[in-house]
Amino acid sequence: MAESAGIQQGSPAIGAAGSVPAAPGAGGTEGSGAAGGSARIAVKKAQLRSSPRPKKLEKLGVYSSCKAEGACKCNGWKSQNPPPTPPRTDQQSNAVNLQEPCRSCSHTLGDHVTHLENVSEEEMNRLLGIVLDVEYLYTCVHKEEDADTKQVYFSLFKLLRKSILQMGKPMLEAQESPPFEKPSIEQGVNNFVQYKFSHLPSKERQTIMELAKMFLNQINYWQLETPSQRRQRVPNDDAAGYKANYTRWLCYCNVPQFCDSLPRYETTQIFGRTLLRSVFTVMRKQLLEQARQEKDKLPPEKRTLILTHFPKFLSMLEEEVYSHSSPIWSQDFLAGASGGQIPIHTVISAPPVARPLYYSTSPVSVDPTSCGSVSPARKTASVLEPSPGEKRKSSEPLTHEEKKRPRVVGDIPMDLINEVMATITDPAAIPETSLLSAHSARDEAARLEERRGVIEFHVIGNSLNQKPNKRILMWLVGLQNVFSHQLPRMPKEYITRLVFDPKHKTLSLIKDGRVIGGICFRMFPSQGFTEIVFCAVTSNEQVKGYGTHLMNHLKEYHIKHEILNFLTYADEYAIGYFKKQGFSKDIKVPKAKYVGYIKDYEGATLMGCELNPSIPYTEFSVIIKKQKEIIKKLIERKQAQIRKVYPGLSCFKEGVRQIPIESIPGIRETGWKPMGKGKELKDPDQLYSTLKTILQHVKSHQNAWPFMEPVKKTEAPGYYQVIRFPMDLKTMSERLKSRYYTTRKLFMADMQRIFTNCREYNPPESEYYKCANLLEKFFYTKIKEAGLIEK
């Protein structure tokens, strides 16, 4: 860089990473005065340029060599009476005297500025601008603490000083000139938008363009970390390459923001993928953290854009930045987009190719041929193909028994469903528009990454009986590291023991050949449940849906192995995650099944999840999306059939207060039907027999024990001050025997009071509260089976 000026390659700029440009010489901080420094320089330049010509000559004389006869070697005029430092504000500005001698060589000021006599005002103003830049850089050199940065500032200082002496334009001479890499960051981001979002409607595409501009603007004003800082953070990185790019950034982008006599370039226009890779991870983390901290200060119209859309945009872009095969960094990208080399739309909207999920249950190999694949239910239901030996085959024709199954009133005819299905695209092939939605599925981005081969899932474990496999052992070590970093309160020795224990397995998430997350678990087939021990994703890969997709794969793996219950102890930070994955505090597994089998953790909450073998969990959100599309099409069809518009109701003007819903004109044509009601048994003996059977079932339930008899005052002090109308199963039995329950509603009201009282008196985490919830569900199931209420 600038060989003639002696600029060293790779000297770091100052400033901590941030979004505000830091002025040179800010001493390595992001300082609030960064933008103000540039403004102050501009004000000083304007003031100096408006000064009288003699004052300008005096200023330039300081940086002009003496032209007196006798080959004087003085390189700048120095006043006999230099102004005080700092200058006094009350000091009168003395008139400039061109005959005043130089303190160094005794020649006059006029002898130093003879070459400027015939120079135009425009040229003089240009030189004055360089003078102020020189003075500012001189200050930076003395304030800067970093040796490399100081050297670059000093080199630029000498370059500008030389430009004043020679009355030339400052030119940075280097082996390479901008741009330093093609395609540039700006072009790569534009290619990314074209590659991923060219299919979107104009409104949503405009949102993407806003995000792209926001991102490019952040890079242009981003303060890169110094090479020494980077060496400490990433010891094994290409230090020489980063240092070279850093020096270029400092000379061409950072310093020229404040010293406008130097040519300035935008970072995104002269640098490419290499620089972006070196800053993206840190930049993304700090941007999102800053957005979360300042969310209350954001204007409402920008809040959704920045807090919801921007993180997803960055996650998708990150994949392309670090991918070795991303087409957006090819210089032929545009030609491919128009000429056919790169089939953009095929990449986005092609039907999904379901990659097999390899479950390596032993450390022998992870080769696909030796591992079982995931249940075909993870594929989209409409495109499933039979797979021999698999448990669920959603695409097989209905059996004779299924065909004879009674239809539920209100079911949509299958012929109509099939007709609508033919008019919509497969949901997995729907463009990624939904990734911009605040309501998009949590695992959508992760599922797309898996489909493209960016991430893989493997169930691995240690073995004492077979020869260790180096690859799996490396993954196990990686998992141990992830769990240790993400679960700091858990002893490392304990984590290591369980991860390498042959009885435990781990569903590992692999990206670019390295472990970035996993779920460690132990299966208890004889007891009918699995204990989840550790669950974590490395911090720089979070908020991408990996956690949800991991859990969905684990669910399918267990459905294949016919274990339908999960149990785990969750701390206060993990409860929210497990709730989102379908876990609750209502444990379905009988206590006798798990007591003594699972590890108990102090201060943690036991949570459980019951799996439904009919649900393809990894594609569940896709199926829901497809169902929504079907419903939307059915509504559109129905709306098209109902063309008649009825006048508004006028009966209310005539004093009518209420009318039956079915009397509203056109209501039945929309498909509305009156809500059915449960049948009321008129025969007292039949009612008694039905209620007695239901009550016996309830009393026999495993969760009925807290409600068998009235609550004793000694066991629950203050109970009857809180609960004014107590109820229990013994009292209900006595009432039933005395024929108190003449209607089903009386019976149901008393039973409901039991559950309501329990929840009012006991805290949600108590055993009684859980028993009430489970028994209530069981009770209403029996009521529906008896036909007393609608199913």
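**Helix contacts in a predicted model**

User: Happy to be looking at this! Which residues of H28 does H27 meet?
Analyst: Welcome! This is a predicted model. From H27, the residues in contact are Phe747, Met748, Met751, Gln752, Phe755, Cys758 and Arg759. Their partners in H28 are Tyr768, Tyr769, Ala772, Asn773, Leu775, Glu776, Phe779, Tyr780 and Ile783.

User: How many nonpolar, polar and charged residues does the contact of H27 with H28 have?
Analyst: Phe, Met, Cys, Tyr, Ala, Leu and Ile count as nonpolar, while Arg and Glu count as charged. Sorted by class, the contact of H27 with H28 has 2 charged, 2 polar and 12 nonpolar residues.

User: Is H27 roughly parallel or antiparallel to H28?
Analyst: Helix H27 spans residues 744-761 and helix H28 spans residues 767-785, and their axes lie 8 Å apart. The packing angle is about 160 degrees, and angles over 145 count as roughly antiparallel. Therefore H27 is, relative to H28, roughly antiparallel.

User: Is Arg637 buried or partly exposed?
Analyst: You can find Arg637 in helix H23, residues 620-641. Its relative accessible area is 28%, and buried would mean under 20% while exposed would mean over 50%. Arg637 is therefore partly exposed.

Note on methods. Residues numbered from 1 in each chain as written. Predicted model: local features only at pLDDT ≥ 70, side-chain atom pairs only at ≥ 80, totals over all residues. Heavy atoms only, no water. Axes fitted to C-alpha atoms, helices over the stretch in contact; angles between N-to-C directions. Helix = DSSP H or I, 4+ residues; strand = E, 2+ residues; numbered from the N terminus. Parallel < 35°, antiparallel > 145°, perpendicular 65-115°, else oblique. Contact = heavy atoms within 4.5 Å. Buried < 20%, exposed > 50% of the residue type's maximum accessible area, 1.4 Å probe, protein only.
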